[in-house]
Amino acid sequence: MDRFDAMTVFARVVETGSFTRAALTLGMSKTSVTQLVQQLEAQLRVRLLHRTTRKVNVTADGAVYYERVLAILADVLDAETSLPSADTRPRGRLRIDVPSPLASMVLVPALPRFHALYPDIQLDLGASDRPVDVIRENVDCVLRGGPLRDGSLAARHIADLTLGVYAAPTYLAQAGMPAHPRELDEDRHRVVGFRWASTGRNVPLALVRGEEEVTVRGRYTLSLDEGNAYLAAGVAGMGVLWLPDYMARPHAARGELLRLFDDWRIAPMPLYAAYAPHRHVSPRLRAFIDWVAALMDEVAPVQRPPLRHGAPS
């Protein structure tokens with residue numbers, strides 16, 4: 001038994017949930033796939049998979065082994081592509097997690113451009129607003145807005161998301177147009193709450209106008225922890241919301257949302273690509289992060305301070 005081939009086959013069976021589908025994707029016979037997995041289990045003296053007539057499920061031991069196998073296969077691929085005479089085109093599997101709105105509104109619509117550049121990169125894309133443990137969940141990279149809470153990760157600042165305060169015309173017709181942000185704390189107004197999954201608390205709104213600073217929490221009848229649903233609640237007239245301008249832009253263009261407090265400023269939200277700190281960043285991960293940075297430069301470029309006179313450019 002070739003241990004590397006067996007690990008490759010085992011990983012594909014786990015991913016497809018089927019010996020038959022794994023065999024098809026690998027260009028092998030089902031018998032060969034089955035035999036390699038059986039030999040691997042015999043070598044390890046551990047049951048890796050539960051087999052039924054309908055589905056193949058990974059065991060607890062198999063799940064642990066699968067995560068280690070993925071790392072080993074990735075390291076082997078990186079070693080091969082690091083050779084000076086090797087084909088250095090980025091290839092292989094990337095496991096990425098991004099915020100739901102960024103995935104649906106920006107990233108996924110642009111992915112044909114990415115795959116035209118890198119046809120040999122396979123993306124496993126998670127779209128969520130939950131905290132992701134990059135190391136434990138074996139995720140190659142996460143895109144997250146706001147301050148980085150895990151100082152053990154390496155990170156690249158790839159964008160600054162400008163924010164705005166918005167409300168639906170139907171909501172404003174019922175509650176009235178607020179002239180000052182403090183009015184959002186009054187009984188007649190409601191906000192749509194957005195809860196950080198890591199804390200369970202709603203995100204407050206901090207605004208600045210000249211020397212005046214205001215922090216608003218507001219009263220809510222609905223609080224959510226997922227960005228697309230949060231946006232939909234605002235469009236439906238459930239209350240005032242504050243969010244990145246790229247999310248509100250298409251709805252504002254159709255008149256479904258109106259921007260409030262144009263003379264007030266909200267600090268931009270930094271967007272980071274964070275990943276496990278390794279000595280060697282794989283070519284496929286570097287290609288993805290560089291591509292996302294270029295994409296976000298079109299949507300929300302990093303806001304750098306103006307150069308002082310005589311400062312290096």
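In strand β10, Val-214 is the bridge partner of Leu-207. This pair belongs to a predicted model of a protein chain whose secondary structure comes to 9 helices and 14 strands.

**Hairpin of β9 and β10**

- Strand β9 (residues 205–209) and strand β10 (residues 212–216) run antiparallel and are joined by 5 bridges.
- The hairpin has 2 residues between its strands, and Gly-210 takes a positive phi near 65 degrees.

**Five-stranded sheet**

- An open sheet of 5 strands has the order β4-β3-β5-β14-β6, with mixed pairing.
- Its edge strands are β4 (121–127) and β6 (154–161), each of which pairs on one side only.
- From one strand to the next, the twist averages 20 degrees.
- Strand β3 (residues 92–98) and strand β5 (residues 141–145) run parallel, with 2 bridges joining them.
- Within this pair of strands, Asp-97 stands opposite Val-142 in β5.
- Helix α5 (residues 100–117) packs on the sheet and touches β3, β4, β5 and β14 (269–275). The direction of helix α5 makes about 170 degrees with that of β4.
- Helix α9 (residues 283–299) lies across β3, β4, β5, β6 and β14. Helix α9 runs at about 15 degrees to β6.

**Three-stranded sheet**

- A further open sheet consists of 3 strands in the order β12-β7-β13, and its pairing is antiparallel.
- Strands β12 (241–244) and β13 (258–260) have a single partner strand each, so one side of each is left without a neighbour in the sheet.
- Neighbouring strands here are turned against each other by 50 degrees on average, with direction ignored.
- Strand β7 (residues 163–167) is joined to β13 by 3 bridges, and the two run antiparallel.
- Arg-259 in β13 is the bridge partner of Tyr-166.
- Helix α8 (residues 245–253) lies across β7, β12 and β13, and runs at about 110 degrees to β12.

**Residues with positive phi**

- Most residues other than glycine have a negative phi. Two residues are noted here against that background.
- Arg-45 has a phi near 60 degrees, a positive value in a residue other than glycine. Arg-45 lies in the loop between α3 (30–44) and β1 (49–51).
- The relative accessible area of Arg-45 is 77%, so this residue counts as exposed, the cut-off being over 50%.
- Phe-261, also a residue other than glycine, has a positive phi near 55 degrees. Phe-261 is placed in the loop between β13 and β14.
- The relative accessibility of Phe-261 is 10%, so this residue counts as buried, the cut-off being under 20%.

**Chain as a whole**

- The C-alpha atoms fill a box of roughly 75 × 60 × 35 Å along the principal axes.
- Of the 313 residues in the protein chain, 42% are buried.
- Among contacts between residues at least 6 apart in sequence, 75% join residues at least 24 apart.
- The protein chain exposes about 17,200 Å², and carbon and sulfur atoms supply 52% of this area.
- There are 37 positive and 35 negative side chains, and the centres of the two sets lie 5 Å apart.

Note on methods. Residues are numbered from 1 along each chain as its sequence is written. This is a predicted model: local features need pLDDT of at least 70, side-chain atom pairs count only at pLDDT 80 or more; totals for chains, interfaces and linings use all residues. Side-chain values use heavy atoms; hydrogens and water are left out. Two strands pair if DSSP finds at least two bridges between them. Helices (H or I, at least four residues) and strands (E, at least two) are DSSP runs, numbered from the N terminus. Axes are lines fitted to C-alpha atoms, for helices over the stretch in contact, and angles run from 0 to 180 degrees between N-to-C directions. Contact means heavy atoms within 4.5 Å. Buried means under 20% relative accessible area, exposed over 50%, partly exposed in between (1.4 Å probe, protein chains only). Accessible areas come from the Shrake-Rupley method with a 1.4 Å probe; for residues, only the protein chains shown count as cover. Lys and Arg count as positive and Asp and Glu as negative; His and the chain ends are not counted. The place of a charge is taken as NZ of Lys, CZ of Arg, CG of Asp or CD of Glu.
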